[in-house]
2 protein chains.
Amino acid sequence: MKRLRCVLGYDGTDFSGFQVQPDQVTVQGEIEAALKRITGEEIQIHGSGRTDAGVHARGQVIHFDTNSHIPLDKWRFVLNNQLPDSIVIRSVEEVPETFHARFDVRVKEYRYCIDNNPVADVFRHRYADHIRFPLDVEAMQQAARHLVGEHDFTSFCSAKTFVEDKVRTVYSLTVERFGGEVWVTCRGNGFLYNMVRIIVGTLVEVGQGKRHPDELKKILAARDREMAGKTAPAKGLTMWEVVY
Amino acid sequence: MKRLRCVLGYDGTDFSGFQVQPDQVTVQGEIEAALKRITGEEIQIHGSGRTDAGVHARGQVIHFDTNSHIPLDKWRFVLNNQLPDSIVIRSVEEVPETFHARFDVRVKEYRYCIDNNPVADVFRHRYADHIRFPLDVEAMQQAARHLVGEHDFTSFCSAKTFVEDKVRTVYSLTVERFGGEVWVTCRGNGFLYNMVRIIVGTLVEVGQGKRHPDELKKILAARDREMAGKTAPAKGLTMWEVVY
């Protein structure tokens, strides 16, 4: 028996999220079905975390155990050959049996893309949220600074979150314009349900002049989801990197 | 009554091509339905040409006639508001009633994108054909030169083509590598059915070392579809620009 770790990307458009659900097409479901066809084994994979329906990944990490004798350097090709084009395995390596894709995460990075062109770029419509009026990126960046550090992020997670401890550490949160696109990049030790999308939705309201950058301090202190902005659409979000 | 000309882009992934077909979702069908909702009129649009199922457009051009009193500078917004995200109107202008989007075309440019990375870029899987072994772009460019000029392109169009005159002029045909992507750009006065995709499919076989660049001369002279390469997949092709 050996444990393999894979880094993979996926286009979340056509999936009902990462995690297996009955009668739904999910990333986990597709990978486990491919592993079944390849090895004959019933393999359960473990991801670094779930992603919601429509959310993409560039560097999701999974691990799984197998008794298969497929040589390590063949795994990537064999898997990609059995997977739909919307899931791509970028690397496969053998790891100690003590490694766990979820429990061992040290840092996660998410990026959110806003297409801020006056007229949407049609080739980005699946991967970016279009906002046609120019955003004040400077104000968004100012607001973002208030969220960096260790905080109770109750205001920035879905009211449906049942996790007790809502304290998380955001290592960095930047807002940058690249041509017609605005990218929000967030690194942290973990994220609550919908946390990045609610942060982005709130920063967008700052960028639209609807809120002052310093309001973020008050929102954070209130520990009340109602105080923050709307949840930004899933399609703009990409799980970018997971560090162990 | 006035005649309007629009430049539009679309993501061809989810359409059964440009032209209206019964019980199919098409670009023309979506635009005509939007025009009906906006103006109440039964408007027929005319495109510069059809595109097949899965083919994209960055600069398709259409025209249509309307009695609507919507101000010219509002049209783009009103249309985009009624269209799905996969179709974006880039500009709307009034043109003389003598203008015709199909008959007045002088030059058309198509671009074909090949994702030539060893592992596919998952965010390009809808817009590029993935070929994992490195293509010999220099050989492809050499082969491409034989197709530039006025030729009978019978070998490079679908056997299902019923057009009598298969002589067309290719003004330029270039093959360039940009990072991990290889782009084939073709400008001409008109293209036969599947012509760009068969040209690309044949150039790819040259880039894979399966054919010598000079074979293109023989293929052209044979006037036989069987002599050319496979038809490249639709998803890599984009109608880039139409010049009047």
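Which residues in H1(A) meet which residues in H2(A)? In this predicted model, A:Ala34, A:Leu35, A:Arg37, A:Ile38 and A:Thr39 are the residues that H1(A) brings to the contact, and they meet A:Trp75, A:Val78, A:Leu79 and A:Gln82 of H2(A).

**Helices H1 and H2 of chain A**

- The axes of helix H1 (residues 27-39) and helix H2 (residues 72-82) of chain A cross at roughly 115 degrees and come within 9 Å, and the crossing in which H1(A) passes H2(A) is right-handed.

**Helices H3 and H4 of chain A**

- Helix H3 (residues 137-145) of chain A packs with helix H4 (residues 195-207) of chain A at an angle of about 135 degrees, and their axes are 8 Å apart.
- Because angles of 65 to 115 degrees count as roughly perpendicular and only those over 145 as roughly antiparallel, this angle makes H3(A) oblique to H4(A), and the crossing of the two helices is right-handed.
- On the side of H3(A), the contact is formed by A:Ala139, A:Met140, A:Ala143 and A:Ala144, which meet A:Leu203, A:Val204, A:Val206 and A:Gly207 in H4(A); seven of the residues in this contact are nonpolar, one is polar and none is charged.

**Helix H5 of chain B**

- In helix H5 (residues 215-222) of chain B, the buried residues are B:Leu216, B:Ile219 and B:Leu220; viewed down the axis of H5(B), they fall within an arc of 100 degrees, and therefore line one face of the helix.
- These buried residues of H5(B) pack against helix H3 (137-145), strand E7 (149-152) and helix H4 (195-207) of chain B, whereas B:Lys218 and B:Ala221, on the other side of H5(B), are exposed.
- The residue that follows H5(B) is B:Arg223, which has a positive phi, near 50 degrees.

**Positive phi in loops of chain B**

- B:Asp23, a residue other than glycine, has a positive phi near 65 degrees; B:Asp23 lies in the loop between strand E1 (2-10) and helix H1 (27-39) of chain B, and is exposed, with a relative accessible area of 82%.
- B:Asn194, likewise a residue other than glycine, has a positive phi near 70 degrees; B:Asn194 is found in the loop between strand E9 (181-188) and H4 of chain B, and is buried, with a relative accessible area of 17%.

Methods. Residues are numbered from 1 along each chain as its sequence is written. Chains are lettered from A and ligands numbered from 1 in the order in which they are written. This is a predicted model: local features need pLDDT of at least 70, side-chain atom pairs count only at pLDDT 80 or more; totals for chains, interfaces and linings use all residues. Side-chain values use heavy atoms; hydrogens and water are left out. Axes are lines fitted to C-alpha atoms, for helices over the stretch in contact, and angles run from 0 to 180 degrees between N-to-C directions. Helices (H or I, at least four residues) and strands (E, at least two) are DSSP runs, numbered from the N terminus. Angles under 35 degrees count as roughly parallel, over 145 as roughly antiparallel, 65 to 115 as roughly perpendicular and the rest as oblique. A crossing is left-handed if the near helix is turned anticlockwise from the far one by less than a right angle, and right-handed if clockwise. Contact means heavy atoms within 4.5 Å. Ala, Val, Leu, Ile, Met, Phe, Trp, Tyr, Cys and Pro count as nonpolar, Asp, Glu, Lys and Arg as charged, and the others, Gly among them, as polar. Buried means under 20% relative accessible area, exposed over 50%, partly exposed in between (1.4 Å probe, protein chains only). The arc is that of the directions from the helix axis to the C-beta atoms.
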